[in-house]
Amino acid sequence: MPATENSRYELYYWPATGRGEAIRLLLQYGKANWSERHPTNWPEEKPNTPFGCLPVLIEHREDGSEFQLAESHSIERYLARKFDLIGSNEREAALIDSFAEGWANLMNDMVQSHFGKTDEAKEAGKEQFKKSSSEIIQYHEKQLKKNGNGYYFGNKLSLVDILAYNTLQSLKGVGSKVFDEVSSFKKLIENVESDSVIGSYAQERLSAYKPV
């Protein structure tokens, strides 16, 4: 992992895990100088964000300039590139990105199934979640078994390992046990929580996944 440059990072998001937790894990992995702040009056603050939504990553650079980036997946990929979490070559980078999309879709389905605005929307989310989780088990476990060590690629964490871990813990937080008995995902969780850089932080954050 390359040494982090002298930028200071600020995660602007709610205190909850949600779409900010993977970003926290990535910043921690990168040994970044980072902090976070939370909205205090969102209706007034919203127009000052790039797209009127959170999270926003604010990078304060050494030369005094400031870079703001919105949309969680864009932030995740930006940090993954900075912190050498996109594999060992272009093909691995593309595959990591494709597997990451599966976890992003599953997270969206989970949110819809629990927090949809109508009962019909929740039911549709539940059906889609069943389909998506089945596909994750079928196709992602195949890749994890092929690699053979609990990482998607190589012998160290990549972006998709961190995203998978975050989603798996989010699902446990809402009471889902769909992946509990899948050995490949158990090993992935072990890898993250024993990682020399983010393992202790990941374990400290486990309580944050539980509903208040």
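Helix 1 (residues 21-29) is largely enclosed by the rest of the structure, because eight of its nine residues are buried. Buried here means under 20% relative accessible area, with exposed set at over 50% and partly exposed in between, using a 1.4 Å probe and protein chains only. Helices (H or I, at least four residues) and strands (E, at least two) are DSSP runs, numbered from the N terminus. This is a predicted model, in which local features need pLDDT of at least 70 and side-chain atom pairs count only at pLDDT 80 or more, while totals for chains, interfaces and linings use all residues. Residues are numbered from 1 along each chain as its sequence is written, and side-chain values use heavy atoms, leaving out hydrogens and water.

The buried set in helix 1 is Glu-21, Ala-22, Ile-23, Arg-24, Leu-25, Leu-26, Leu-27 and Tyr-29. These residues pack against strand 1 (8-12), strand 2 (33-37), strand 3 (56-60), helix 3 (72-82), helix 6 and helix 8 (199-204), with contact taken as heavy atoms within 4.5 Å. Lys-31 is not a glycine, yet its phi is positive at about 50 degrees, and with a relative accessible area of 58% it is exposed.

Helix 3 has its own buried residues, among them Ile-75, Tyr-78 and Leu-79. Their packing partners are strand 1, helix 1, strand 3, strand 4 (66-70), helix 4 and helix 6. Asp-84 lies in the loop between helix 3 and helix 4; phi is again positive, near 60 degrees, in a residue other than glycine. At 31% relative accessibility, Asp-84 counts as partly exposed. One more backbone detail is the cis peptide bond from Leu-54 to Pro-55, with omega near 10 degrees. Pro-55 belongs to the loop between helix 2 (42-45) and strand 3.

Now for the helix pairs. Helix 4 (residues 90-115) and helix 6 pack at an angle of about 15 degrees with their axes 9 Å apart. Axes are lines fitted to C-alpha atoms, for helices over the stretch in contact, and angles run from 0 to 180 degrees between N-to-C directions. The two helices are therefore roughly parallel to each other; the cut-offs are under 35 degrees for roughly parallel, over 145 for roughly antiparallel, 65 to 115 for roughly perpendicular, and oblique for the rest. Residues at this contact include Phe-99, Trp-103 and Met-107 in helix 4 and Leu-163, Leu-168 and Leu-171 in helix 6.

With helix 5 (residues 119-147), the axis of helix 4 comes within 8 Å and crosses at roughly 155 degrees, so helix 4 and helix 5 are roughly antiparallel. Among the residues making the contact are Phe-99, Trp-103 and Leu-106 of helix 4, and Gln-128, Phe-129 and Ile-136 of helix 5. Gln-128 counts as partly exposed at 33% relative accessibility.

Leaving aside residues up to four places away in sequence, Phe-185 touches residues including Trp-103, Ile-136, Tyr-152 and Leu-168.
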